[in-house]
Amino acid sequence: MLWHEQSWPQIQKLDKQLPVVIPLGSLEQHGHHLPLFVDTIQVSAIAAAIERAMKDRVLLLPTLWLGASDHHLDFPGTVSVGVSLYSQMIAAITTSILRAGFRRLFFLNGHGGNDTPATQALTQLAGSDDTADGAHLAFASWWNVAQDALDPQRHGMASANLSHSCEYETSFMLALRPDLVHLDRAAEGTPAIANEWHHSERGGKVKIFKRFHRLTASGSLGKPSAATAAKGSAMFDAVVGEILRFLQDFSAWEELRPRGPS
């Protein structure tokens with residue numbers, strides 16, 4: 001079910017144990033070959049497929065397209081809010097849904113920059129608000145919750161991991177919106193950092209904080225030239241299947257009652 005197509009009396013009557021899915025995207029640069037709306041297109045497509053499969057067993061909010069993308073602002077076209085404001089937005093959305101009575105919220109994230117401010121907001125709410133603490137508040141980026149389904153060997157990937165405007169994201173877009181992909185414009189370069197502590201495309205033991213213009217000239221990472229629509233379709237189906245499996249399980253999680261202090 002779509003949250004925004006219900007009337008308020010319909011929302012009021014719904015089973016409050018239904019999982020509510022809130023997709024999170026962004027509007028930011030994705031190199032020379034992909035559109036600014038990649039993250040939002042991808043997460044919205046995944047969420048729509050989930051809603052079609054689960055029908056009246058899930059409640060789907062519209063995708064929040066505005067993300068925390070300040071690290072991409074050196075590239076024209078990026079539209080962003082700062083991490084503090086983004087955290088406040090997530091807290092306000094959560095509070096609104098909880099106030100409507102729902103107790104199972106899943107934030108399905110499609111942009112890495114949303115991770116820290118969103119989880120901060122949910123952590124603070126759980127720590128300060130008894131209703132939030134008593135609810136099930138879940139957050140995951142689609143590539144994390146479905147990491148087993150994205151095994152590179154399973155899909156014939158040339159790259160070991162997902163990065164930004166890479167083989168994975170480009171393949172996804174070739175499957176979802178090939179009209180917006182311009183592979184002839186794709187640029188590839190060497191990693192800006194590659195040592196035993198950190199790799200600018202894979203992460204590592206140590207986190208490094210830089211704006212994106214210090215990591216890539218074009219705005220993209222990885223090997224977008226290796227992308228294909230077939231890889232994207234296979235990954236999409238695998239990701240949707242894994243998230244469906246999570247939500248079916250999430251729907252049955254028991255309430256966690258206080259166990260202490262004792």
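## Report on the predicted model

Trp65 is found in the loop that runs between β2 (59–60) and α3 (83–99). The model described here is a predicted one. With a relative accessible area of 38%, Trp65 counts as partly exposed, because this class lies between the cut-offs of under 20% for buried and over 50% for exposed. Together with Phe37 and Val79, Trp65 forms a nonpolar patch on the surface. The accessible area of these three residues together is about 240 Å².

### Overall form

Nine helices and six strands make up the secondary structure of the protein. The protein is as compact as a globular protein of 262 residues, because its radius of gyration of 19 Å is close to the 18 Å given by the globule rule for that length. Along the principal axes, the C-alpha atoms fill a box of roughly 55 × 35 × 35 Å. Of the 262 residues, 50% are buried. The accessible surface of the protein amounts to about 13100 Å², and carbon and sulfur atoms account for 52% of this surface. When contacts between residues at least 6 apart in sequence are considered, 74% of them link residues at least 24 apart.

### The sheet

Four strands form an open sheet in the order β2-β1-β3-β4, and their pairing is parallel. At the edges are β2 and β4 (136–141), each of which pairs on one side only. Strand β1 (residues 19–24) runs parallel to β2 and is joined to it by two bridges. Val21 has Leu60 of β2 as its bridge partner.

### Two residues and their contacts

Gln42 belongs to helix α2 (residues 38–54). Its relative accessible area is 0%, so Gln42 is buried. Leu162, by contrast, is placed in the loop between α7 (152–155) and α8 (167–176). The C-alpha atoms of Leu162 and Gly222 are 7.9 Å apart, although 60 residues separate the two along the chain.

Definitions and conventions: Residues numbered from 1 in each chain as written. Predicted model: local features only at pLDDT ≥ 70, side-chain atom pairs only at ≥ 80, totals over all residues. Heavy atoms only, no water. Patch = residues over 30% accessible without salt bridge, like charges linked within 9 Å, V, L, I, M, F, W, Y side chains within 5 Å. Areas by Shrake-Rupley, 256 points an atom, 1.4 Å probe, with all protein chains shown as cover. Salt bridge = Lys/Arg side-chain N within 4 Å of Asp/Glu carboxyl O. Buried < 20%, exposed > 50% of the residue type's maximum accessible area, 1.4 Å probe, protein only. Rg over C-alpha atoms; globule rule 2.2 N^0.38 Å. Contact = heavy atoms within 4.5 Å. Pairing = 2+ DSSP bridges.
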